[in-house]
Amino acid sequence: MSHSADIAKIKQQEETLVFEGFSEADALSIGLDIIDRIKAANGFGLIEVRLWDRQLFAFSMPGATQDNAEWVRRKVNVVRRFHVSSYRKALELAEAQRSFNAAFGMDPMDYAAAGGCFPIRLKNGPVVGCITVSGLPQRDDHRIVVEAVSVHLGMDPAKIALD
């Protein structure tokens, strides 16, 4: 199965959803929006918003487990290493029919080829952190983060949503 269209759309999301700066207030606003979106989907999850040097927001919804915390940690490692969303990397690996271990010699206990972690990119280029959700199917984890970031940046999430 080809993932090319989704990969291209995620690249567009990553290029479009950039911040002038990123503060604790941004983290709180996005984190609370994500909680509301997960509740509206009748789901649960663990949410983390972080800069590379510190966690700014974390919330574990009823139903989330230590497994969700491990998924968050592993997804964060993907974004920190590659500076792209974890879902994009998962789709790229699936399309190439490779694993992190086979492609990069990376331990799957430390890197998760799964959606739900999106980079916090500043307009001047650097990725300074990420926003992560674990609890829903990976496509939904990714979608909810993208929707919350889009709204926070004053954009219509439907214009850059995956099909």
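Helices and strands here are DSSP runs, numbered from the N terminus. The model on screen is predicted.

**Whole chain**

Start with everything shown as a cartoon. The protein has six helices and five strands, and along the sequence they follow the pattern α-β-α-β-β-α-α-α-β-β-α. The C-alpha atoms fill a box of roughly 40 × 35 × 30 Å along the principal axes. For 163 residues, a compact globule would have a radius of gyration near 15 Å, and the protein agrees, with 15 Å. Colour by burial next: buried residues account for 48% of the 163. The accessible surface is about 7800 Å², with 50% of that belonging to carbon and sulfur atoms. Of the contacts between residues at least 6 apart in sequence, 67% join residues at least 24 apart.

**The sheet**

Select the five strands. They form an open sheet with mixed pairing, in the order E1-E4-E5-E2-E3. Its edge strands are E1 (18–19) and E3 (54–60), each of which pairs on one side only.

Pick Leu51 and look across to E5: Gly129 stands opposite.

**Helices on the sheet**

Helix H2 lies across E1, E2, E3 and E5 and runs at about 20° to E3.

**Aromatic pairs**

Show side chains for the last stop. How many aromatic pairs does the structure hold? There are two.

Select Phe19 and Phe22. Their rings are edge-to-face, 5.0 Å centre to centre with 90° between the planes. Phe19 is buried, at a relative accessible area of 2%; Phe22 is also buried, at 14%.

Then select Phe82 and Phe104. Their ring centres are 4.9 Å apart and the planes meet at 55°, so this pair is tilted. The pair links distant parts of the chain: Phe82 belongs to helix H3 (residues 66–82) and Phe104 to helix H5 (residues 100–104), 22 residues apart.

Phe104, with a relative accessible area of 36%, is partly exposed.

Conventions. Residues are numbered from 1 along each chain as its sequence is written. This is a predicted model: local features need pLDDT of at least 70, side-chain atom pairs count only at pLDDT 80 or more; totals for chains, interfaces and linings use all residues. Side-chain values use heavy atoms; hydrogens and water are left out. Two strands pair if DSSP finds at least two bridges between them. Helices (H or I, at least four residues) and strands (E, at least two) are DSSP runs, numbered from the N terminus. Contact means heavy atoms within 4.5 Å. Axes are lines fitted to C-alpha atoms, for helices over the stretch in contact, and angles run from 0 to 180 degrees between N-to-C directions. The radius of gyration is taken over C-alpha atoms; the globule rule is 2.2 Å times the number of residues to the power 0.38. Buried means under 20% relative accessible area, exposed over 50%, partly exposed in between (1.4 Å probe, protein chains only). Accessible areas come from the Shrake-Rupley method with a 1.4 Å probe; for residues, only the protein chains shown count as cover. Rings of Phe, Tyr and Trp (its six-membered ring) pair if their centres lie within 6.5 Å; planes under 30 degrees apart count as stacked, over 60 as edge-to-face and the rest as tilted.
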